[in-house]
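Dear colleague,

Please find below the structure that I am handing over to you.

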Amino acid sequence: MTQQPPYGSGHDPRYGSRFGPPPGAPQPRPGFASPPPSAPPASAPERRYAPPSAAPPSAAPPTHAPSPQGFYGPATPPPAMQQPSPEPQQKPKKSRRALAAALITGGAVAVIAVPLGMALGWFMQTNQYFDQAAVEAQVEQVLGEDYGLAEVSEVSCPAEVKPEQGTSFECTYVLNDSTQSVPVTVGSDDGQLLIGSPADEQ
Amino acid sequence: MRAKRDLRLAGLLTAVVVAMTGCASAVEPQGVGVHDDVLGYHQSATEQLVNEDLIEGLGLQTNYVAVGYKHGVASDGSTLHVQHTTSYVDGSYLEREANETTGLSIDSYHEAGSDRIYYLFGDEYTEALDIKPWGVLPGADLDLENSPRSVCQLSAPNYACQILRSWNFTSEQLFDDESSERMPNHVQRNGDGSLLLTTAVSLSAMTESNMFTFSGSLAELVTDETLTQLIPAKIWFDRDGVVVKAEVNGTITSPDSDLTLELQIGYEVTGTADPEEVSVAVNSLDDDYTFELTDQAEIDAFWDDIQAVRLGEY
């Protein structure tokens, strides 16, 4: 049955293509079709821009120093065998003073260190920022992989963006000699960036 | 002694401050595209790309060589292999066909300003219809400057028209059927302004746009479910939004019959045409090799016969 209209009928072809073995034609040759085009290049490996490793927290100050073993101090004489004393040995007054001084010093350290540590914790929390270069790299990657903007350049995002959920900012990039922008929102405090639809240049 | 201890304490606290300040490091970001934004972006970009202006963009080109091809292999042994090349220069065009069956080709030539089209018919037609190889039929200029959509009457560009029409049909089908999957559209924009649309067309849309017909035992294997299957398609645009290449390429496995269908159907602009090449010395054709038809009814009957020979029904 002819489904193709004859020549002259608008945009339709003059004669059709039938998918099937034409009568009298040689046997079909399976596998003659051109091979499919090669698969697209695999996605670029995820680029990670790790921030510099955080320095390990300083060790707490030692509560006591090891006993000096002396080359320079007087050698401790080996204990001599003594007859038990009929009266208990009294502690010297100097040791009590040292103990009191140590307690006072320790208390002073605690009074200073605890609020200081809390203050520093707050400082660290409120002064964390995204690595700007890493943000720009992520934006470029998402523009390419998700939005199909394969060859953007000069991606620029603001510096000192805090990883606070809901924070929004814009990044700019150049494509086809035109500067465009893309909205970015911080999706979570742990660093997720939600990259919105870029401005349509068409 | 006490002074030394205080000094050590101060030093220790300073070290703590310095170390903890150093811990205020940068946060590593993890970027993701907003799902709905990504879908909406590609849908919007696709709708702007694939519209009626596309065909007009094809028609306004003044000099090109383009090729259109259809290759199909079915698991029952049926095949389809045909290729058309169109060389076009300012209203003059020369078209050549390569068919898997020797003798079934039809070449054509039109000179700008002429009111005729010259056809060179293969042996299958001359023998079956007892005609001379050269046929002269009425054919005015396509006047593409004023009616660019007429470009679909040219053989190779017609492949692009059929692919675009298939995309439109598929889009309508998926839009009408809310239960079906969403049209898979992805637009890639390159730095030089060119674009690539990665999408899909359904088998039914391809037949609806007259890309090909199924016949014989193959037609029985093509079930309704088979016709709903999608095949990957890509359309390449230059920086002006003109289609320079389009291809449907993939394999369909029927969900309810023993049919596998490999298809590769495409269109591509391969270069510019040399005016010398788009010229045939038709004035020197010997009358012994030429026939002419002028009556419209006679012309219509003639094309019906040509089609019958082509389909093996004559």
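Two strands pair if DSSP finds at least two bridges between them. Helices (H or I, at least four residues) and strands (E, at least two) are DSSP runs, numbered from the N terminus. This is a predicted model, in which local features need pLDDT of at least 70 and side-chain atom pairs count only at pLDDT 80 or more, while totals for chains, interfaces and linings use all residues. Residues are numbered from 1 along each chain as its sequence is written, and chains are lettered from A and ligands numbered from 1 in the order in which they are written.

One open sheet has five strands, in the order β2(A)-β3(A)-β4(A)-β5(A)-β1(B), with mixed pairing. From one strand to the next, the twist averages 30°; axes are lines fitted to C-alpha atoms, for helices over the stretch in contact, and angles run from 0 to 180 degrees between N-to-C directions. Two bridges connect β2(A) with β3 (residues 168-175) of chain A in the antiparallel sense. A:S156 has A:T172 in β3(A) as its bridge partner.

A second open sheet, in chain B, consists of twelve strands in the order β8-β9-β11-β12-β13-β2-β3-β4-β5-β6-β7-β14, and its pairing is mixed. At its edges lie β8 (186-189) and β14 (290-292) of chain B, each pairing on one side only. Within chain B, β3 (residues 79-89) and β4 (residues 92-99) run antiparallel and are joined by eight bridges. Here B:H84 stands opposite B:E97 in β4(B).

Two helices of chain B also pack together: α3 (residues 52-59) and α5 (residues 155-176) meet at an angle of about 175°, and their axes are 10 Å apart. The helices α3(B) and α5(B) are therefore roughly antiparallel to each other (angles under 35 degrees count as roughly parallel, over 145 as roughly antiparallel, 65 to 115 as roughly perpendicular and the rest as oblique). On the α3(B) side, the contact is made by B:L54, B:I55 and B:L58, and on the α5(B) side by B:P157, B:A160, B:C161 and B:L164. Two residues are in contact if their C-beta atoms, placed from the backbone, lie within 7 Å.

Finally, a word on confidence: pLDDT is the predictor's confidence in each residue, from 0 to 100. Chain A has a mean pLDDT of 64, with 46% of its residues reaching 70 or more. Over residues 1-13 of chain A the pLDDT is below 50.

Yours sincerely
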